[in-house]
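Subject: Structure handover and notes

Dear colleague,

Please find below the structure I promised to pass on, together with its sequence.

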Amino acid sequence: MTSPISWPLVVWHNFSNPITTCLTSSDPYIFAGQKDGHIWIYTVHNDLVRHKLLLVGHKAPIAALCVIHGETKTDNNDILISAAEDGEIARWNISDGRCLGVNAKGFLGVPRQLKIFNQFKDRYIFCTGQLNEICILDSTSLEVVRIWGGHSSWVMCSDFFDSVAKRGRLVTITMDGKLDIWDFDPSRQAIFKDRTPIQQSQLVKENEGIPDIAIDISSNPSFPGLCMAITRRNVVIFVLRNDRFVPEITLPAKTGTSWTGGEFCGDHKVVLYAQDGEYFEYSIKPPQGVQPGTMPEQEEQLYYSAKLLKTYRFDNSENVPYTMPGSCHNTILRKDAAATDSPSEYSIVSFCNDANYSSFTVNALDGIETGEESEVSKLISLQRFDVIWPVKEQKDPKFGCITATVPVSSNHLAIGYENGTICVVPLSLALLHLSNLSQYVEHQSSVRVFERAHKGPVTCLIVHESHQHQYLLSGGQDGAVKIWNLIDGKYIVSFTVHALPVQSFIDPAEQSETRIRGCVVSVASDNSVALISVDSMSCLFIFPSHPYPLSAIQWRTTEDYLVLGYSDETTYVWQLASGYLDRVLHGKTSKEVLDDDRWPINQVTASISSAGKPTNSNKQNVNIRSVTSYNQGNSIYFGSDIIYICVNDIIIHMTIQFR
């Protein structure tokens with residue numbers, strides 16, 4: 001038995017500025033997690049970055065990414081693993097963008113790192129974050145196979161090769177700098193702690209009352225037992241041998257800034273990232289008389305040494321915004337084509353966030369070994385993302401730019417334009433002639449055209465069914481809400497209920513009360529709210545504006561109350577029978593009322609980034625997005641012959657031949 005599939009279809013009609021939250025890479029791809037829950041995949045060729053795919057499905061900001069490589073470099077079976085701030089973990093096919101699986105509760109806290117270790121043949125994903133536990137997931141099914149506890153605070157982990165035990169092991173570091181060594185048995189998914197205490201010095205130190213925390217730990221596969229612990233203040237490169245912690249190199253952060261991360265780069269280099277956007281390329285040398293790739297066996301052979309090869313700084317003289325300290329995300333891109341560890345084999349990819357125009361750079365690591373350490377610096381030029389944006393704005397010669405869209409049925413689409421016109425057209429016609437629909441809509445029985453339905457742009461659309469009739473509701477910049485009959489294409493009624501542009505429509509979560517079930521909620525940009533009955537073609541209530549965005553609508557209809565919650569933690573309780581304001585609640589009392597699960601509630605978020613906690617069956621999430629930002633809901637990707645679309649939070653694709 002089959003059923004038709006309908007999906008929310010939205011077309012980009014201007015540049016969409018990315019706000020990146022995490023970054024990783026696998027040549028020739030860059031993967032950028034976004035604040036809105038999307039994931040961009042870019043391609044890199046000769047340091048030129050191009051958009052490839054947009055992965056849509058997460059409802060919270062992306063917190064961590066990692067790549068699982070296929071058995072060969074040519075089998076196109078590389079897999080991307082993503083974790084969102086709500087603990088949801090997803091699995092994606094990199095070659096075509098398909099979502100292969102989701103675990104909505106893959107991590108119980110806020111994830112911060114996803115790691116894959118070669119010693120376990122990439123079979124397990126180690127997820128760490130704001131939790132005293134580590135979740136170990138099966139890399140194929142995303143099933144949580146082990147909760148790794150026993151840590152005193154938030155914890156991070158890495159693998160390393162124990163040259164004494166002659167096997168791979170795991171090391172953890174807590175936020176306060178405590179190290180522990182563990183063994184993992186993949187056949188039983190069992191974790192065993194080495195009870196021998198590690199003799200270690202203090203990694204996390206307080207300086208004049210300013211706290212320091214550990215933020216990462218990693219190992220160098222080319223030097224068994226050589227690890228790197230990163231705290232806000234110091235980077236400590238150390239050796240683990242015979243349950244001893246031997247610090248080799250300590251690299252303090254400059255005054256006025258802190259470390260945000262770092263990576264081993266090849267056999268003998270490390271790159272460190274600072275909060276102010278600078279990054280530093282160091283060369284690591286083993287002790288004299290010790291062969292590269294081996295560990296020193298005697299105390300007199302210690303220590304390793306580090307030499308600063310080059311400092312990289314952004315060129316602030318250029319007209320490229322970089323105004324948000326700590327907003328730069330970096331990753332190392334290794335070019336697989338190179339066979340040797342040459343200086344040009346590795347590049348640093350940096351994405352820098354800005355409220356209006358984020359920027360990026362791909363810069364080859366070109367630090368050269370010299371006889372003496374010198375302060376060599378290099379200025380890096382940033383490029384804005386809007387420069388490489390592939391979709392150019394195309395106005396319809398008669399209707400202008402698209403400002404709103406909504407699916408009407410499985411094969412029809414309603415489109416609103418900046419001149420106030422609304423067109424309801426077959427999906428096939430929209431896909432083939434989207435930029436000049438006005439030339440194809442005349443004298444077609446399958447098309448409905450409402451010319452200049454609003455004075456100014458159409459800002460939002462919604463389809464509502466009532467008494468076996470299908471109606472289209474439109475909101476405009478003129479503040480009006482209008483209702484149209486989709487069967488005969490006739491205008492029915494108009495409500496001038498808002499003083500400012502209508503921002504969004506919401507279907508009430510309450511579907512038991514007859515009077516409410518036939519209604520639609522309209523929300524304006526001044527946060528005023530109207531309850532419009534499609535059954536009676538009348539406006540039942542108008543609730544005044546509020547300085548802060550609407551965050552929730554709770555339907556206490558059996559008690560004759562409607563509760564409106566706002567982002568400043570203020571809640572207004574309105575009587576439905578009289579329309580009077582019953583009371584205003586604040587703070588803890590406001591939260592307790594809205595958290596009462598006995599009542600249906602619409603969770604309204606100004607952006608998808610604030611949608612966090614899982615909701616019960618009585619709750620519905622609604623995302624309101626600014627029309628002027630041209631960033632509305634789920635988006636699609638136009639490739640040379642494929643369109644990728646989000647269907648109920650799952651990526652699907654269909655093949656289209658463009659001619």
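Is Asn527 buried or exposed? Asn527 is buried, since its relative accessible area is 10%, where buried means under 20% relative accessible area, exposed means over 50% and partly exposed lies in between, with a 1.4 Å probe and protein chains only. Asn527 sits in the loop between β39 and β40 (529-533), and although it is not a glycine, it has a positive phi of about 70°.

Before the rest, a word on the basis of these notes. This is a predicted model, in which local features need pLDDT of at least 70 and side-chain atom pairs count only at pLDDT 80 or more, whereas totals for chains, interfaces and linings use all residues. Residues are numbered from 1 along each chain as its sequence is written, and side-chain values use heavy atoms, with hydrogens and water left out.

**Overall make-up**

The protein chain holds 4 helices and 50 strands, these being DSSP runs numbered from the N terminus, with H or I over at least four residues for helices and E over at least two for strands. Of its 659 residues, 54% are buried. The accessible surface comes to about 29,700 Å², with 48% of it belonging to carbon and sulfur atoms, as computed by the Shrake-Rupley method with a 1.4 Å probe. If one takes the contacts (heavy atoms within 4.5 Å) between residues at least 6 apart in sequence, 47% of them join residues at least 24 apart.

**Two open sheets**

Strand β15 (residues 179-185) is joined to β16 by 4 bridges in the antiparallel sense, and Phe184 has Ile191 as its bridge partner in β16.

**Cores and buried positions**

The largest nonpolar core has 22 residues, and those with the most contacts inside it are Met228, Val235, Trp259, Val270, Leu272, Tyr282 and Ile284; such a core is a set of buried Ala, Val, Leu, Ile, Met, Phe, Trp, Tyr and Cys residues joined through side-chain atoms within 4.5 Å. The elements that give it two or more residues are β18, β19, β20, β21 (259-265), β22 (269-274) and β23 (279-285). Apart from this core lies another, of 19 residues, among them Ala509, Val529, Phe541 and Trp555.

Glu278, in the loop between β22 and β23, counts as buried at 11% relative accessibility. Leaving aside neighbours within four places in sequence, Glu278 is in contact with Lys254, Leu272, Tyr273, Thr311, Tyr312 and Arg313; Thr311 is 33 residues away along the chain, yet the two C-alpha atoms are separated by 7.1 Å.

Strand β38 (residues 502-506) is largely enclosed by the rest of the structure, because 4 of its 5 residues are buried. It is joined by 4 antiparallel bridges to β39 (residues 519-524), where Ser522 is the bridge partner of Phe505.

In helix α4 (residues 587-594), Ser590, Val593 and Leu594 are buried. Seen down the axis of α4, its buried residues fall within an arc of 95°, so they line one face of the helix, the arc being that of the directions from the helix axis to the C-beta atoms.

**Backbone points to check**

A cis peptide bond, with omega about 10°, joins Asp27 and Pro28, and Pro28 lies in the loop between β1 and β2 (29-34). Leu142, in the loop between β11 (134-138) and β12 (144-148), has a positive phi of about 65° although it is not a glycine, and it is buried, with a relative accessible area of 1%.

With best wishes

Note on methods. Pairing = 2+ DSSP bridges.
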